Amino acid sequence: MRSKEMQKFHSKSLIVQSLLYLMRKKSFHEIKITEICNKAGVSRLSYYRNFESKEDIVLYYFNDNFEKIMERIIKMENISYKQLIEILFSHFMIHLEDNKLFFRDKLIYLISISSDEYLKKFMKVVFKDNSHDDFILKFLQGGIMNIMIGLMTGEESHSVEDIAVRVDFIYKMLSEGKPVL
């Protein structure tokens, strides 16, 4: 990475970490951009070079996490749907406490925007030959999002392996056209 790109990446990382730190103290909606800048040690000008709004910070946070998952699955040869779900939920669980903050402050719609975009990209990696039914994948995306919500609220307590096995089972049953019972 060039020096300017490194500086931009570093500034963005500081801003994201500052927002997360401040969210542990108070609501997202109560946090002012000045507070984020002060905590990150960046100027408002630097902030606005990188983000248009606080919501953009959250989108960047999720997109960055999904990019890390994408890098990992691209390196794998012949990744299965089950492996994809394991990687996705393992990463999600590592960041569960941060994810709970976003849920607490009613920012789930931002998680949905990011996850919808990246789940489509993940599917293209898993199903290189496009041998999948888009309707089934959209249905599963909704289910995956609901499982993530359940983990954030504490209503779900399944292990990553259990989630992967169950979601893979449902995917296989739906794609084979068999009833799921």
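Mentor: Let's begin with Lys26 and Glu35, which form a salt bridge (a side-chain nitrogen of Lys or Arg within 4 Å of a carboxyl oxygen of Asp or Glu). Their closest N and O atoms are 2.5 Å apart. The model is predicted, so local features need pLDDT of at least 70 and side-chain atom pairs count only at pLDDT 80 or more, while totals for chains, interfaces and linings use all residues. Residues are numbered from 1 along each chain as its sequence is written, and side-chain values use heavy atoms, with hydrogens and water left out.

How open to the outside are these two partners? Lys26 has 27% relative accessibility, so it counts as partly exposed (buried is under 20% relative accessible area, exposed is over 50%, and partly exposed lies in between, with a 1.4 Å probe and protein chains only). Glu35, at 24%, is partly exposed as well.

The structure holds ten salt bridges, so let's visit another. Asp64 pairs with Lys68 in a salt bridge whose closest N and O atoms are 3.2 Å apart. Both residues sit in helix α4, four residues from each other, which is about one turn of the helix (helices are DSSP runs of H or I, at least four residues, and strands runs of E, at least two, numbered from the N terminus). Asp64 is partly exposed, with a relative accessible area of 22%, and Lys68 is partly exposed too, at 42%.

Helix α9, residues 160–176, also holds a pair four residues apart: Lys172 and Asp168 are separated by about one helical turn. Here a salt bridge brings the closest N and O atoms to 3.0 Å. What about their burial? Lys172 has a relative accessible area of 41%, so it is partly exposed, whereas Asp168, at 8%, is buried.

Now for the rings. The structure holds eleven aromatic pairs (rings of Phe, Tyr and Trp, the last by its six-membered ring, with centres within 6.5 Å; planes under 30 degrees apart are stacked, over 60 edge-to-face, and the rest tilted). One of them is Phe66 with Tyr118: their ring centres lie 5.5 Å apart and their planes meet at 20°, so this pair is stacked. Because Phe66 belongs to helix α4 (residues 54–75) and Tyr118 to helix α7 (residues 108–126), the pair ties together parts that are 52 residues apart in sequence. Phe66 and Tyr118 are both buried.

Phe89 and Phe92 give you an edge-to-face pair, with 6.3 Å from centre to centre and 70° between the planes. These two are three residues apart in helix α5 (residues 81–94), so about one helical turn separates them. Phe89 and Phe92 are buried as well. Elsewhere, Tyr47, Tyr48, Phe51 and Tyr60 come together as one aromatic cluster.

Charge and ring meet in two places worth a look. Lys12 lies over the face of Phe51, 5.8 Å from the ring centre (NZ of Lys or CZ of Arg must be within 6 Å of the ring centre and within 35 degrees of the ring normal).
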